[in-house]
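Dear colleague,

I am passing on a structure that will be new to you, and I would be grateful if you looked through it alongside the notes that follow.

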Protein chains: 2
Amino acid sequence: MHDVFDALSHPIRRQVLELLKSGGKTAGELADNFLVSKPTMSGHFAKLKSAGLILGENRGGTIVYTLNMSTLEEAVMGFMGRMGISGEAQGDDVSEGEVA
Amino acid sequence: MHDVFDALSHPIRRQVLELLKSGGKTAGELADNFLVSKPTMSGHFAKLKSAGLILGENRGGTIVYTLNMSTLEEAVMGFMGRMGISGEAQGDDVSEGEVA
DNA sequence: TGGCTATTTAGCGTATTAGCTAAATAGCTA
DNA sequence: TAGCTATTTAGCTAATACGCTAAATAGCCA
């Protein structure tokens, strides 16, 4: 759990997840979307992978990364649930916890 | 936005937010829940505050911190929305984005 | 004023993070 | 085997993060 939020703390890593939303992509394809070097991107992939947020499948020379949505969902929605937010729209009105 | 996820990356800070869910608490009350020193906790409060996740009200000598739920919600649910998760329970079935 | 409590700021040490270039590894193709 | 592409590992530097103790600040009370 801690590792998930740790992995999410870097904007490049969050954006990688968003890019993978539409399907698996190779390390090179993903890296092309950012200005940093490929070794730097490789480090980001490693962190996402060790947090369980992506999976890497070695398909002959190239590596295809895919999203592991369940880890993301479990960690983030779990925390938000504990915070009392289940995801339903929740405007400015105070529906509970009357102040006085 | 980046600062929010940055602030959420430390377990103590996430737990502080959970403690504030039930209402405002002083810096000292919050600090009592953790093993680290008060100056260390003060640093965590500062980070949460600069991310806009909590508000600090100086009430004569003591400082009462309160949760700023809207910032948390906007950043986290915004990201999750972009990931295609709106918060509704979402089991193992694939309800959209048919694979083939 | 003096003293007490609550909290932050200053200053320091160490660990981690993020970036780079250069080199290594792995698989393909000729 | 040689060469090409894709990706990671190694090794480095600089910046940031996190913890500590000691000291400063701010408000209260006698």
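Which rotation, and what shift along its axis, superposes chain B on chain A? The rotation is 180° with 0.0 Å of shift, and the RMSD is 0.0 Å, where copies are superposed by least squares on the C-alpha atoms of residues with pLDDT of at least 70 in both. That is the relation of a two-fold axis.

Please keep in mind that this is a predicted model, in which local features need pLDDT of at least 70 and side-chain atom pairs count only at pLDDT 80 or more, while totals for chains, interfaces and linings use all residues. Residues are numbered from 1 along each chain as its sequence is written, chains are lettered from A in the order in which they are written, and side-chain values use heavy atoms, with hydrogens and water left out.

The copies meet through the same surface, because 100% of the interface residues of chain B are also interface residues in chain A (contact means heavy atoms within 4.5 Å).

Over all chains there are 4 salt bridges (a side-chain nitrogen of Lys or Arg within 4 Å of a carboxyl oxygen of Asp or Glu). One of them joins A:R82 to B:E18, with the closest N and O atoms 3.1 Å apart, and this pair crosses between chains, from helix α5 (residues 69-82) of chain A to helix α2 (residues 11-20) of chain B (helices are DSSP runs of H or I, at least four residues, numbered from the N terminus). A:R82 is partly exposed at 37% relative accessibility, and B:E18 is partly exposed at 26% (buried means under 20% relative accessible area, exposed over 50%, partly exposed in between, with a 1.4 Å probe and protein chains only).

Within chain A, A:D32 forms a salt bridge with A:K38 at 3.8 Å between the closest N and O atoms; A:D32 is exposed at 61%, and A:K38 is exposed at 52%.

With kind regards

Note on methods
Helix = DSSP H or I, 4+ residues; strand = E, 2+ residues; numbered from the N terminus.
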